[in-house]
Every structure is written in C-alpha cells, then in structure tokens.
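Colleague: I am new to this structure and would like to learn how to read it. Could you take me through it, one feature at a time?

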Amino acid sequence: MTCEELKELLATGGENLFARARAIKSQVFGDEIFFRGLIQFSNHCKQNCLYCGLRSGNKKLQRYRLSKEEILSCCEEGGKRNFKTFVLQSGEDDYYTTEKMTDIIQAIHRQFPNCVITLSIGEKDAKAYQAYYDAGARRFLLRHETINPGHYSKLHSGKRKIETRTECLKQLRKIGFQIGSGIMVGSPYQTMDNIIEDIYFIEKLKPEMIAVGPYLTCKDTPFKNRKNGDLKLTLRLLAIFRLMHPNAFIPATTALAALDPGGREKGALAGTNVIMLNLTPQELCKNYRIYDNMEG
C-alpha cells in the first residue's frame with residue numbers, strides 16, 4: 001500500500017476494512033482463536049522507560065519474582081486448561097541470569113514437551129538468546145515500540161537506542177526464533193508519519209507475531225497526564241496488519257480490554273487471532289502494572 005492509501009485507511013477505514021481483514025484471517029486460520037498462557041514472572045526492571053509502570057524509577061510498585069517451582073506451577077494450571085503455548089513475560093530483570101533462565105526453560109520443556117515456549121523478557125545479547133533457544137524456547141516477543149529514532153528517544157530515558165532493539169530482533173531471527181514485534185498506538189509524541197514508518201518497518205521485518213495495542217497511561221510515570229491511545233485507530237491498524245500479513249499471529253491485547261470492556265471482541269472483528277490468558281498468581285497480577293487498570 002502507498003503512504004497515501006495507508007493514511008486514508010487509518011483515518012477513515014470502517015466496516016469494509018474490518019470485513020476484509022476478517023475474510024483474510026478466515027481464509028488462513030478458519031474460525032480458530034489461539035489461546036496462550038501468560039506468566040508474568042517478574043515485575044522488576046532495570047530500564048526506566050518513561051511510559052511504563054514497571055520502570056526502575058517507580059518506587060511505589062510492590063516488586064515480586066517467581067521461583068522456578070512457582071513458574072512450573074503456573075504451567076501446570078495452563079496444562080489443565082489445555083494451553084499449548086506458554087508466554088514468559090517480565091521486565092528486564094538481571095536476577096534471572098542466562099543460567100537461571102535456561103534452567104527454567106529446560107524444566108518447562110521437559111514437563112510440557114508438546115508446548116511452545118515464548119519469551120518476552122527484553123534486550124539480551126546474542127549468546128543469551130542462543131542459550132534460550134538451545135534450552136527449548138522457540139518464540140520471542142520484542143516490541144520495537146517505534147522505529148523513528150527521535151520518537152524512540154522521547155519514550156525512553158538514558159542512552160537507549162532503537163538500533164539496539166532492531167539488532168536484537170535481527171539476532172533472534174538469525175538464531176531461529178519466530179519473532180514478534182509491534183507498537184503502541186497513540187504513545188506520547190507519536191505522529192501519523194511515525195505509524196506509517198512502523199507499518200513499513202514491520203512489512204520489511206515480516207515477524208511471525210505482531211503485537212499492537214493502544215497506549216495507556218500509568219499514574220506512576222512521567223507521562224501520567226497524557227491521553228490514552230485511540231481505540232478506533234488501533235483497530236484500523238490491526239486490520240491493516242492482517243491484510244498485509246495474512247499468516248501472522250496477531251493478539252487482541254489486554255490493553256484493548258482495559259480501554260473498552262468489549263475491546264478484545266472488537267479486536268477479533270478486526271482480524272486478530274490470539275488471546276493471552278493470565279496464569280500469574282492472582283494476588284500478584286495487580287503488581288504487574290505496565291499501565292493503569294491493567295487486566296489481571
């Protein structure tokens with residue numbers, strides 16, 4: 001699609017756009033929705049991203065970490081519910097060394113050999129990524145958030161660069177992982193041109209997973225007074241990604257549900273085909289708070 005066509009769809013796309021996306025999704029996947037078991041095993045994070053409630057600078061958050069045994073217990077619950085994929089998600093927590101993470105991955109792989117292990121644990125070096133793969137992990141979700149360097153710098157503190165993010169995605173793909181990336185829609189300072197850049201970046205990257213959700217504020221961040229992202233724009237973008245990437249796994253994110261009680265259903269009508277259900281112990285879910293009113 002041309003830049004002008006994309007801008008028009010993002011501005012005015014309606015039921016015809018969603019119907020086309022649903023038709024493409026049905027041609028490839030039928031009516032199947034893929035359920036993933038989400039385990040948010042640590043809310044510690046060494047990074048200080050300005051939009052995220054897990055940021056290291058948030059001193060109000062009650063931190064927690066799950067042990068290997070507690071993570072396996074979450075997987076056991078997922079096994080009872082017939083989940084075939086476990087998604088291990090955390091902040092960038094150096095407590096979980098490469099050795100500790102590979103031990104956890106190996107334990108899950110031994111106990112649930114027919115389940116796919118997906119990691120969402122941030123930026124690591126190639127040696128660590130290789131160790132995770134060798135231990136049995138096969139998918140890695142690493143949203144790039146925005147491909148524009150200027151916009152990226154406005155969302156992150158310190159010396160973080162988008163080039164580091166994209167190099168991680170490159171290394172993951174080289175190792176053999178199925179990769180996932182994506183953006184926040186309506187994040188502070190984002191322009192329509194930024195979104196177009198992201199569409200073209202993802203078109204070139206061709207990830208197996210595309211995670212897109214609306215930006216949502218967190219009261220314990222510097223962006224606490226910013227507006228939430230727009231649901232309609234997010235849904236249009238999801239439909240566009242389905243049209244451009246027919247074979248991708250595209251989740252209806254928890255952020256959709258946080259913005260609108262029927263958000264996940266609307267996501268499905270826009271062509272999504274994945275839902276993540278939380279296996280994290282219920283008493284801890286409230287502390288994995290990337291944004292306010294995060295669904296447990």
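Modeller: Gladly, and we start with a definition: helices (H or I, at least four residues) and strands (E, at least two) are DSSP runs, numbered from the N terminus. By that count, the protein chain has 12 helices and nine strands. Keep in mind that this is a predicted model, where local features need pLDDT of at least 70 and side-chain atom pairs count only at pLDDT 80 or more, while totals for chains, interfaces and linings use all residues. Residues are numbered from 1 along each chain as its sequence is written, and side-chain values use heavy atoms, with hydrogens and water left out.

Colleague: What share of the residues counts as buried?

Modeller: Buried means under 20% relative accessible area, exposed over 50%, and partly exposed in between (1.4 Å probe, protein chains only). In the protein chain, 57% of the 296 residues count as buried.

Colleague: Let us look at one helix. What span should α9 have?

Modeller: The expected span of a helix is 1.5 Å times one less than its number of residues. Helix α9 (residues 231-244) has 14 residues and should span 20 Å, which agrees with its end C-alpha atoms being 20 Å apart. At the N-terminal end, Asp230 caps α9, with a side-chain oxygen 3.2 Å from the backbone nitrogen of Lys232. As for cover, 13 of the 14 residues of α9 are buried.

Colleague: Which residues does Arg242 touch?

Modeller: Arg242 is in α9 and is buried, with a relative accessible area of 0%. Leaving aside neighbours within four places in sequence, its contacts include Ala21, Ile24, Phe29, Ala270 and Asn273. For polar contacts, we look for a pair of N or O atoms within 3.5 Å; within protein, one must be able to donate a hydrogen and the other to accept it, and residues adjacent in sequence count only if both atoms are side-chain atoms. A polar atom of the Arg242 side chain lies 3.3 Å from the backbone oxygen of His245.

Colleague: Where does Ala270 lie?

Modeller: Ala270 is in the loop between α11 (263-269) and β9 (274-278), and it is buried at a relative accessible area of 1%. Beyond its neighbours within four places in sequence, Ala270 is in contact with Phe18, Ala21, Leu235, Leu238, Ala239 and Arg242.

Colleague: How many aromatic pairs does the structure hold?

Modeller: Rings of Phe, Tyr and Trp (its six-membered ring) pair if their centres lie within 6.5 Å; planes under 30 degrees apart count as stacked, over 60 as edge-to-face and the rest as tilted. The structure holds 11 such pairs. One of them is Tyr129 with Phe140, edge-to-face at 5.1 Å centre to centre and 75° between the planes. Tyr129 lies in helix α5 (residues 126-135) and Phe140 in strand β4 (residues 139-141), so the pair ties together parts 11 residues apart in sequence. Another pair, Tyr133 and Phe177, has ring centres 5.2 Å apart and planes at 75°, so it is edge-to-face too. Together, Tyr129, Tyr132, Tyr133, Phe140 and Phe177 form one aromatic cluster.

Colleague: What covers the buried residues of α5?

Modeller: The cover includes α4 (98-111), β3, β4 and α7. The residues buried in α5 are Ala128, Tyr129, Ala131, Tyr132, Tyr133 and Ala135. Just after α5, Gly136 takes a positive phi of about 130°.

Colleague: Which ring has the charged end of Arg36 over it?

Modeller: A charge sits over a ring if NZ of Lys or CZ of Arg is within 6 Å of the ring centre and within 35 degrees of the ring normal. The charged end of Arg36 sits over Phe249, 4.9 Å from the ring centre, and that of Arg226 sits over Tyr189, at 4.5 Å.

Definitions and conventions
Contact = heavy atoms within 4.5 Å.
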